[in-house]
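This briefing goes through the structure shown below, topic by topic.

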Amino acid sequence: MKGFLVICKIQLRLFTRDFFSFFFTLVFPVLMLLLFGGIFGNTPVYDGAAIRMMDISVPAYAVMITGVTGLMSMPLTLSGYKEKKIYKRFDATPVGKKSIMLAQVLVNLVMTLIGISILIIAGMLLYHIQIKGTFLSICFGVLFSIAAMFSMGFLFTAIGQDSRSTTLLCYLCYFIMLFLSGATMPDMMFPDSIKRISDCLPMTYAVDLMQGVFSGDSLKQHGMELLILGSLTLICIIAGAILYRRKDWT
Amino acid sequence: MSQVIVQVEDLNLSYKGLHAVQNISFSVESGEVLAVIGQNGSGKTSTVECIEGLRKPDGGRIQVFGKNPWLHRNEVYKEVGVQLQEAEYPLKIRVEEQCRLFAGFYERPADWNLLLKQMGLDDKRKCLISKLSGGERQRLSILLSLIGRPKLLILDELTTGLDPEVRQNMWISFENIRKGGVAIIMVSHYLDEVEALADKILYLEKGKQEFWGTQQEFREYAKGRISDDEYEENLSLEKLYLKIAPKTTGLTMEGIL
């Protein structure tokens, strides 16, 4: 346990020293909020709409944060560690490589929650966003979004033969989902052709779920999103675990 | 009284059907230094990685402190320190953080501040690992292998990248460590190092065990493999080894000009 805590502490420091992870988890979402908030303000999405721009942007950007940590920061660090044989070195200690993997997941989880908290606080202070959902339903929404993104990242690390192929997979997946899922701009603005692509992306369901629970929907109203994200998580974890066992770690 | 620390019997390992290691047997006792020598690709690193529990052998039996290192890796590593041939560390971690991290893995770690001074890395403690030179990284790697106060040290290419002065200091240090009862398995291409440190030699050729025994026995073995004309009584271990090792073709200017 002592060893694991030391690993977590050091991994947390390494996270903050990595510009990409630090910036895109903690700073960039707030900058997005400031940019789009500056352009639109917290006005209705369209004339007469009950939904306001910043009220739906904050949960969407929160999903973007889960994508940064789950699909970029964690898998790229893990694949880099494998390629540089850092896991192998940890395997030659009493704690083993599983500890550093677990610490990576934990650190990224904590940073995701911090990033989402900063975003919500900024939204409340700057644009007086309204959060109508219960604390529990929002927690479930965040948890399912994190689980889906992290498990996809885990699977990509398992599929990638090396750091480059993992990076390519993660970048492709992340940026396609970022722009086409409604995480950066509301999907109601998309034409039908884009909407059809958007419907096939897991992040779309995470954004719908988060926007729903933030605006006061019950979890029951988002059974489909929960089912899709939950199933995806299970499939990715099982497939990733099978592929991981077959990998050569030496 | 000496205690058997490592026992290897009929070790076999293959990669995709290719035999990397075949029927290797030897043992290492406490306070003993075993040098594993042989050409590149002779199976040295594969052999020690099986002892380290990092590779699963296809056949044979390995016991480290009476335990199978593949099945009981975490327990075995409480007593084993390892310096791997090619492993790296996160580049954005500082030297002292890396030491603190490794010290956190053991119940009774060595004083790493003292080790940093002894390894000449005290002024580098705040440095990121990415800023260290190759020799400094190698010294850090050796330091980290010692942090858990091991009873068995496995050193793969101990002094690669170190300057002659540091190499000599390392030899003295490891001689002292050995006197303290620690068993050492070292993989090395430097035969002067082997001559200075090793009690026993394991010589591998193309994955097969050609010899295992004391340095004196190795000389007798080598004498038997070369003609009387080639043999001289006071040949260094390196020169003797070069006489028995499989010959490789040298580079000619033909291919360059």
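In this predicted model, the backbone nitrogen of A:Ala148 lies 3.4 Å from a polar atom of the side chain of A:Thr233. A:Thr233 belongs to helix 10 of chain A, residues 223-246.

- A:Thr233 has a relative accessible area of 11%, which is under the 20% limit, so the residue counts as buried.
- Apart from residues up to four places away in sequence, A:Thr233 touches A:Ala147, A:Ala148 and A:Ser151.
- A:Thr112 sits in helix 5 of chain A, which covers residues 96-127.
- The relative accessible area of A:Thr112 is 0%, and the residue is buried.
- A polar contact of 2.8 Å links the side chain of A:Thr112 to the side chain of A:Thr69.
- A:Thr69 is also one of the residues in contact with A:Thr112 once neighbours within four places in sequence are set aside; the others are A:Thr25, A:Ile65, A:Thr66, A:Ile146 and A:Phe150.

**Interface between chain A and chain B**

- On the chain A side 23 residues are in contact with 29 residues of chain B.
- The two chains bury about 2500 Å² between them, and carbon and sulfur atoms account for 61% of it.
- Of the area that chain A buries against chain B, 28% comes from A:Arg17, A:Arg89 and A:Pro94, more than from any other three residues.
- Five salt bridges are counted between chain A and chain B.
- One salt bridge joins the side chains of B:Arg73 and A:Asp91, with an N to O distance of 3.0 Å.
- Helix 1 (2-17) and helix 4 (86-91) of chain A each supply at least two residues of the side that touches chain B.
- With eight residues, helix 1 of chain A gives the most to that side.
- The side of chain A that touches chain B consists of ten nonpolar, three polar and ten charged residues.

**Helix 3 of chain B**

- Helix 3 of chain B, residues 95-103, is mostly covered, with eight of its nine residues buried.
- The buried residues in helix 3 of chain B are B:Val95, B:Glu96, B:Glu97, B:Gln98, B:Cys99, B:Leu101, B:Phe102 and B:Ala103.
- Both chains take part in covering these residues: the cover includes helix 1 and helix 4 of chain A, and helix 4 (112-118) and helix 5 (134-146) of chain B.

- Strand 8 of chain B, residues 200-205, is largely enclosed by the rest of the structure, because six of its six residues are buried.
- In a regular strand, side chains alternate between the two faces of the sheet.
- From strand 8 of chain B, B:Lys200, B:Leu202 and B:Leu204 point one way, while B:Ile201, B:Tyr203 and B:Glu205 point the other way; all are buried.
- Strand 3 (residues 33-38) of chain B runs parallel to strand 8 of chain B, and five bridges join them.
- B:Gly38 has B:Leu204 in strand 8 of chain B as its bridge partner.
- Strand 9 (residues 208-214) of chain B runs antiparallel to strand 8 of chain B and is joined to it by six bridges.
- B:Gly213 in strand 9 of chain B stands opposite B:Ile201.
- Strands 8 and 9 of chain B form a hairpin with two residues between them, and B:Lys206 in the turn has a positive phi of about 50°.

**Two further residues of chain B**

- B:Ile244 lies in helix 9 of chain B, residues 237-244, and is buried, with a relative accessible area of 6%.
- Leaving aside neighbours within four places in sequence, B:Ile244 is in contact with residues including B:Tyr203, B:Glu205, B:Phe218 and B:Tyr221.
- The C-alpha atoms of B:Ile244 and B:Trp70 are 34 Å apart, and the two residues are 174 residues apart in sequence.
- B:Glu136 is in helix 5 of chain B and is buried, with a relative accessible area of 12%.
- Beyond its neighbours within four places in sequence, B:Glu136 is in contact with B:Leu121 and B:Lys124.
- A C-alpha separation of 32 Å lies between B:Glu136 and B:Lys206, which are 70 residues apart along the chain.

Note on methods:
Residues are numbered from 1 along each chain as its sequence is written. Chains are lettered from A and ligands numbered from 1 in the order in which they are written. This is a predicted model: local features need pLDDT of at least 70, side-chain atom pairs count only at pLDDT 80 or more; totals for chains, interfaces and linings use all residues. Side-chain values use heavy atoms; hydrogens and water are left out. Contact means heavy atoms within 4.5 Å. Buried area is the accessible area (1.4 Å probe) that two parts lose on being put together, summed over both. A salt bridge is a side-chain nitrogen of Lys or Arg within 4 Å of a carboxyl oxygen of Asp or Glu. Helices (H or I, at least four residues) and strands (E, at least two) are DSSP runs, numbered from the N terminus. Ala, Val, Leu, Ile, Met, Phe, Trp, Tyr, Cys and Pro count as nonpolar, Asp, Glu, Lys and Arg as charged, and the others, Gly among them, as polar. Buried means under 20% relative accessible area, exposed over 50%, partly exposed in between (1.4 Å probe, protein chains only). Two strands pair if DSSP finds at least two bridges between them. A polar contact is a pair of N or O atoms within 3.5 Å; within protein, one must be able to donate a hydrogen and the other to accept it, and residues adjacent in sequence count only if both atoms are side-chain atoms.
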